[in-house]
Every structure is written in C-alpha cells, then in structure tokens.
Amino acid sequence: MKIRVNLSALAETKWHEYVVRFLFGGLVTAVAGIIAKAFGPVVGGLFLAFPAIFPASATLIEKHEKQKKGRVGLTGARRAADAVSVEAAGSAMGSIGLAVFAVLVWRAAPSHSAWLVWSGASLAWVCVSVLMWELRKRL
C-alpha cells in the first residue's frame, strides 16, 4: 500500500463522525490532564501519548469499508479488518515518529528557540514515520 493523501475521503466522512473523533480525543486529553494533576506530569504525559483518535478512527474505517462492500452485496468483514490493520500499523509507525519528536523537543527545547525545535522535531517525526513505512514494505 502506498502512502497517499485522499482528499475525497473528507467528503465521505459525516459531520457526526468528526464529532465522535473530537470528543474521544478531548476525553482522552482531559483524562491525561486529571492523571497529571494527581500523579505529576511524567505520568500524565504517558497517558497523553495514547493515540486518542485511533480507536474512533478504527471503528469508523470498519463501518465505511463494510458499507462500501455492502453496496455491492458483500459483507466486507475481511476488507474492513484489513483496512483497520493497515491503519493500526500506520498508527504504530507514526507513534515511533512521535517518540522521536518527543525526545528532540525534550532535549532541544531548553537551549534553542521554540520555533526551531518544533520545526525540526516535526520534520523528524514525518521522516521517521515514512522511513518506518518504507522499511515495513521492504521486510
């Protein structure tokens, strides 16, 4: 599977599906804040690293794939499972990129400008995530 941007998927997504993702992500972030207040920022930060949108996205991807196959008279269960597994793999690889981002920000923020640190860490995140995807394809 190639990494690509599919802007037409934005039109296929219903407004309430965005609301579900937003609410779930906000809920996970709020819980991480409560945990950080109770147990400190290090513990709270671990919970904030939880991929907040993935569970909502996975269920929506499954639903969309089943609906697509259902329109042509198929159940789509296998296709839905495959699509969600690709999403999970991509999320895991993105999380490795996120870890690189976090380490770079942690180490560079005290001594460099915020804009430079954020830009460099963001670029590193994208590069590591894409590199992980390419390595997965080759192995």
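These legends describe an overall view and close-ups of a predicted model. Local features need pLDDT of at least 70, side-chain atom pairs count only at pLDDT 80 or more, and totals for chains, interfaces and linings use all residues. Residues are numbered from 1 along each chain as its sequence is written, and side-chain values use heavy atoms, without hydrogens and water.

**View 1. The fold has 6 helices and 0 strands.** Its pattern along the sequence is α-α-α-α-α-α. Helices (H or I, at least four residues) and strands (E, at least two) are DSSP runs, numbered from the N terminus. The C-alpha trace spans about 60 × 40 × 25 Å along its principal axes.

**View 2. Helix H2 packs against helix H4.** H2 covers residues 15-39 and H4 covers residues 54-70. Their axes come within 9 Å and cross at roughly 155°. H2 is therefore roughly antiparallel to H4 (angle over 145 degrees). Axes are lines fitted to C-alpha atoms, for helices over the stretch in contact, and angles run from 0 to 180 degrees between N-to-C directions.

View 3. From H2 come His-16, Glu-17, Val-20, Arg-21 and Phe-24. They meet Pro-55, Ala-56, Ser-57, Leu-60, Lys-63 and His-64 in H4 (contact: heavy atoms within 4.5 Å).

**View 4. Of the 139 residues, 22% are buried.** Buried means under 20% relative accessible area, with a 1.4 Å probe and protein chains only. Among contacts between residues at least 6 apart in sequence, 57% join residues at least 24 apart.

Key. Angles under 35 degrees count as roughly parallel, over 145 as roughly antiparallel, 65 to 115 as roughly perpendicular and the rest as oblique. Buried means under 20% relative accessible area, exposed over 50%, partly exposed in between (1.4 Å probe, protein chains only).
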